[in-house]
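User: Please take me through the charges and the overall build of this model, one point at a time.

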Amino acid sequence: MAKSIRSKWKRKMRAEKRKKNAPKELARLKDVLAKANTDVLMEDVKDITTIVTAEKVKEKAAMESEVAEGDGSLCDTMKMETDVKRSKKTLLDEHGQYPVWMNQRQRKKLRTQRGKKKGKPKNPKGLAW
């Protein structure tokens, strides 16, 4: 279940809200632990909860890509051919298969459209005025 557009939208918005509220929750957690006067060390909490900004993630990815470019051979062998050669007009791939997401009604409609374009139209029998 839970595949409707409404549930997908709600799931997306909950994830956005989690991202937005994460720094506030961390600050509140640290504040509560500071006021509690317990034997929990702040160093332990810092190890458990870390917030990484988008800039740091992008910098790390850029550094890793530069390292991979230096090797060259490793990067070339990792590439995979995942593109399916598909006709934009008929949506058929090289094996004559429709996409997975297409339902039977859409397939039947496209099949009839392809069939109509073959040959020229004939006059109906009997009445040729």
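**Charges, a loop and the overall build**

User: Which residues gather in a patch of positive charge on the surface?

Analyst: This is a predicted model, in which local features need pLDDT of at least 70, side-chain atom pairs count only at pLDDT 80 or more, and totals for chains, interfaces and linings use all residues. Residues are numbered from 1 along each chain as its sequence is written, and side-chain values use heavy atoms, with hydrogens and water left out. A charged patch joins like charges within 9 Å, taking residues with over 30% relative accessible area and no salt bridge; Lys and Arg count as positive, placed at NZ of Lys and CZ of Arg. The positive patch is made of Lys3, Arg6, Lys8, Lys10, Arg11, Arg14 and Arg18.

User: Is lysine 10 buried, partly exposed or exposed?

Analyst: Lysine 10 lies in helix H1 (helices are DSSP runs of H or I, at least four residues, numbered from the N terminus). Buried means under 20% relative accessible area and exposed over 50%, with partly exposed in between (1.4 Å probe, protein chains only). Its relative accessibility is 41%, so lysine 10 is partly exposed.

User: Which side chains meet in a salt bridge?

Analyst: A salt bridge needs a side-chain nitrogen of Lys or Arg within 4 Å of a carboxyl oxygen of Asp or Glu, and the structure holds one. With an N to O distance of 3.8 Å, the pair is glutamate 16 and lysine 19.

User: How far from arginine 107 is the nearest side chain of opposite charge?

Analyst: Arginine 107 sits in helix H5 and is buried, yet has no salt bridge. Leaving out residues up to four places away in sequence, arginine 107 touches Tyr98, Pro99, Val100 and Met102 (contact means heavy atoms within 4.5 Å). The nearest opposite charge belongs to aspartate 93, at 10 Å.

User: What is the phi of leucine 91?

Analyst: Leucine 91 is in the loop between helix H4 (73-78) and helix H5 (104-116). Leucine 91 is partly exposed, at 25% relative accessible area. Although leucine 91 is not a glycine, its phi is positive, at about 65 degrees.

User: What percentage of the residues of the protein count as buried?

Analyst: The secondary structure comes to five helices and zero strands. Among contacts with a separation of 6 or more, residues 24 or more positions apart account for 12%. Of the 129 residues, the buried share is 8%.

Key. Patch = residues over 30% accessible without salt bridge, like charges linked within 9 Å, V, L, I, M, F, W, Y side chains within 5 Å. Areas by Shrake-Rupley, 256 points an atom, 1.4 Å probe, with all protein chains shown as cover. Helix = DSSP H or I, 4+ residues; strand = E, 2+ residues; numbered from the N terminus.
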